[in-house]
Amino acid sequence: MKPTYRAFSIIGLFAVLGSTLNAEVQTRRIAYEENGAQLEGVLAWDDSSDAARPGVLVVHEWWGLNDYAENRARQLAELGYIAFALDMYGKGQVTQHPQQAGEWSSQIRANSEAWRSRANAGLDILKAQPMVDQSKIAAIGYCFGGSTVLQLAYADAPVRGVVSFHGALVPPSESDTIDASVLVCHGASDSFVPPESVQGFEAAMQKVNADYQLISYGGARHGFTNPNAGSFGIENLKYDALADSRSWDQMQLFLDEIFQSKQ
């Protein structure tokens, strides 16, 4: 009987190893609706475990939900998070033309309540996933998405923290209650967000006693995390590999902190 038991054990071991080795990041498109708009986001997760994990919402640049935003969701999944890249514009609304991107983002920004509602719709999809630890949720965003996650923080959405990468620094109002921690990763040479905007943002955040940190990367311009930033013919858009790497590392430290320290 002993040899049979050992054979079974070896087979079982290889089954476990095989399951682990075959584990990888999975993605699934999820259609949803908000105020009549038909939206579609991308969920990303590592299927090596069925345990509940922190969830991170990803909000795209003003171009729409393109491959860049989806890839960021996959990167978060590789780190062990459940990530959902939401859709702020509508299914299939993606562009490479600055004029069109500006029109779409301006339409969303025109009404702060509608802006927050659209972002919260994506957050609801993330929260609805059974793999997500409901007590540990954060949001990150790029460019237009950076200002969008700030809006989530201002609206007291159920997130522990938000991270803005080269986003417009729309300040909170005095009536906003900000319980979430805030990390802003800013390009010091970003002409879209001049020093006076940074100063106004910090003054407003201090006035409402927000828990925030702002890291400014010397020489970095708008879009510094996106390798394709320089391909759109806009002088202020430029990729910066060092600022990209540093800000991603800083985000990881921030997520570790908020998920471990806030119980």
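A residue is taken as buried when its relative accessible area is under 20%. In the predicted model described here, Cys185 has a relative accessibility of 1% and therefore counts as buried. Cys143, at 9% relative accessibility, falls under the 20% cut-off and so is buried as well.

The two cysteines were also examined for disulfides. A disulfide requires a pair of cysteine sulfur atoms within 2.5 Å, and by this rule the count is 0. For Cys143, the nearest cysteine sulfur belongs to Cys185 and lies 14 Å away, and Cys143 is in no disulfide. Cys185 is likewise in no disulfide, its nearest cysteine sulfur being that of Cys143.

The strands were considered next. Strands of a sheet pair through backbone hydrogen bonds, in either the parallel or the antiparallel sense. The model contains an open sheet of 8 strands with mixed pairing, arranged in the order β1-β2-β4-β3-β5-β6-β7-β8. Strands β1 and β8 (212-217) are the edge strands, each pairing on one side only. On average, and with direction ignored, neighbouring strands of this sheet are turned by 20° against each other.

Strand β4 pairs in the parallel sense with strand β3 (residues 53-59), over 4 bridges. In this pairing, Gly55 has Ile82 of β4 as its bridge partner.

Helices pack on the sheet as well. Helix α2 (residues 67-78) touches β1, β2, β3, β4 and β5 (132-142), and its direction makes about 35° with that of β2. Helix α6 (residues 195-207) touches β7 (181-187) and β8. The direction of α6 makes about 165° with that of β8.

A packing between two helices was also examined. Two packed helices are described by the angle between their axes and the distance between the axes. For helix α4 (residues 112-127) and helix α5 (residues 144-154), the angle is about 95° and the axes are 9 Å apart. Angles of 65 to 115 degrees count as roughly perpendicular, and α4 and α5 are therefore roughly perpendicular to each other.

On the α4 side, the contact is made by Ser112, Trp115, Arg116, Ala119 and Asn120. On the α5 side, Phe144, Ser147, Thr148, Gln151, Leu152 and Tyr154 take part. By class, this contact has 5 nonpolar, 5 polar and 1 charged residues.

Helix α5 is mostly covered, with 11 of its 11 residues buried. The buried residues of α5 include Gly145, Gly146, Val149, Leu150 and Ala153, as well as contact residues such as Phe144 and Tyr154. Just after α5, Asp156 takes a positive phi of about 60°.

Key: Residues are numbered from 1 along each chain as its sequence is written. This is a predicted model: local features need pLDDT of at least 70, side-chain atom pairs count only at pLDDT 80 or more; totals for chains, interfaces and linings use all residues. Side-chain values use heavy atoms; hydrogens and water are left out. Axes are lines fitted to C-alpha atoms, for helices over the stretch in contact, and angles run from 0 to 180 degrees between N-to-C directions. Helices (H or I, at least four residues) and strands (E, at least two) are DSSP runs, numbered from the N terminus. Angles under 35 degrees count as roughly parallel, over 145 as roughly antiparallel, 65 to 115 as roughly perpendicular and the rest as oblique. Contact means heavy atoms within 4.5 Å. Ala, Val, Leu, Ile, Met, Phe, Trp, Tyr, Cys and Pro count as nonpolar, Asp, Glu, Lys and Arg as charged, and the others, Gly among them, as polar. Buried means under 20% relative accessible area, exposed over 50%, partly exposed in between (1.4 Å probe, protein chains only). Two strands pair if DSSP finds at least two bridges between them.
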